[in-house]
Amino acid sequence: LAHTPSQAGIDAREQRQLGRIEQGRQAGSITWREGLKLRAEQRRIAQTEAALGADGRLTKSDRALLSDMQNDANSSIQAENNDGWRRLWWLPRFGR
């Protein structure tokens, strides 16, 4: 049986992913442009969650869709963290 996360679990996972993006930005392993792309992906997940939950509840299939989107986002974060593109150490960090 597949585990379907609760709405609180979805939100907590979203916050953890945003934290990982920021950690990568701080460390320089996620560039400014990569950070923009990853945060846009997180916004799409949040917008989808808001649209699906507009009636006040998320169905099992809604939660499965959001979980799949978060799995894809997790893969994107991991790939960008490990792709070898780095902010040059002598350049200041700018942007979000």
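Q: How many of the residues in the protein are buried, and what makes a residue count as buried?
A: Buried residues make up 31% of the 96 residues in the protein, where buried means under 20% relative accessible area, exposed over 50% and partly exposed in between, with a 1.4 Å probe and protein chains only. This is a predicted model, in which local features need pLDDT of at least 70 and side-chain atom pairs count only at pLDDT 80 or more, while totals for chains, interfaces and linings use all residues. Residues are numbered from 1 along each chain as its sequence is written, and side-chain values use heavy atoms, with hydrogens and water left out.

Q: What makes the pattern of the protein α-α-α?
A: The protein has three helices and zero strands, helices being DSSP runs of H or I with at least four residues and strands runs of E with at least two, numbered from the N terminus; read along the sequence, this gives α-α-α.

Q: How do you know that the length of helix α3 agrees with its number of residues?
A: The expected span is 1.5 Å times one less than the number of residues, so the 22 residues of α3 (residues 60-81) should span 32 Å, and the end C-alpha atoms are 31 Å apart, which agrees.

Q: Why are the buried residues of α3 said to line one face of the helix?
A: The buried residues of α3 are D62, R63, L66, S67, Q70, A73, I77 and E80. Seen down the axis of α3, they fall within an arc of 145 degrees (taken from the directions from the helix axis to the C-beta atoms), so they line one face. On the other side of α3, K60 and S61 are exposed, whereas the buried residues pack against α1 (7-27) and α2 (32-52).

Q: Why is α1 called roughly parallel to α3?
A: α1 and α3 pack at an angle of about 10 degrees, with their axes 11 Å apart, the axes being lines fitted to C-alpha atoms, for helices over the stretch in contact, and angles running from 0 to 180 degrees between N-to-C directions. Angles under 35 degrees count as roughly parallel, over 145 as roughly antiparallel, 65 to 115 as roughly perpendicular and the rest as oblique, so α1 is roughly parallel to α3.

Notes: Contact means heavy atoms within 4.5 Å.
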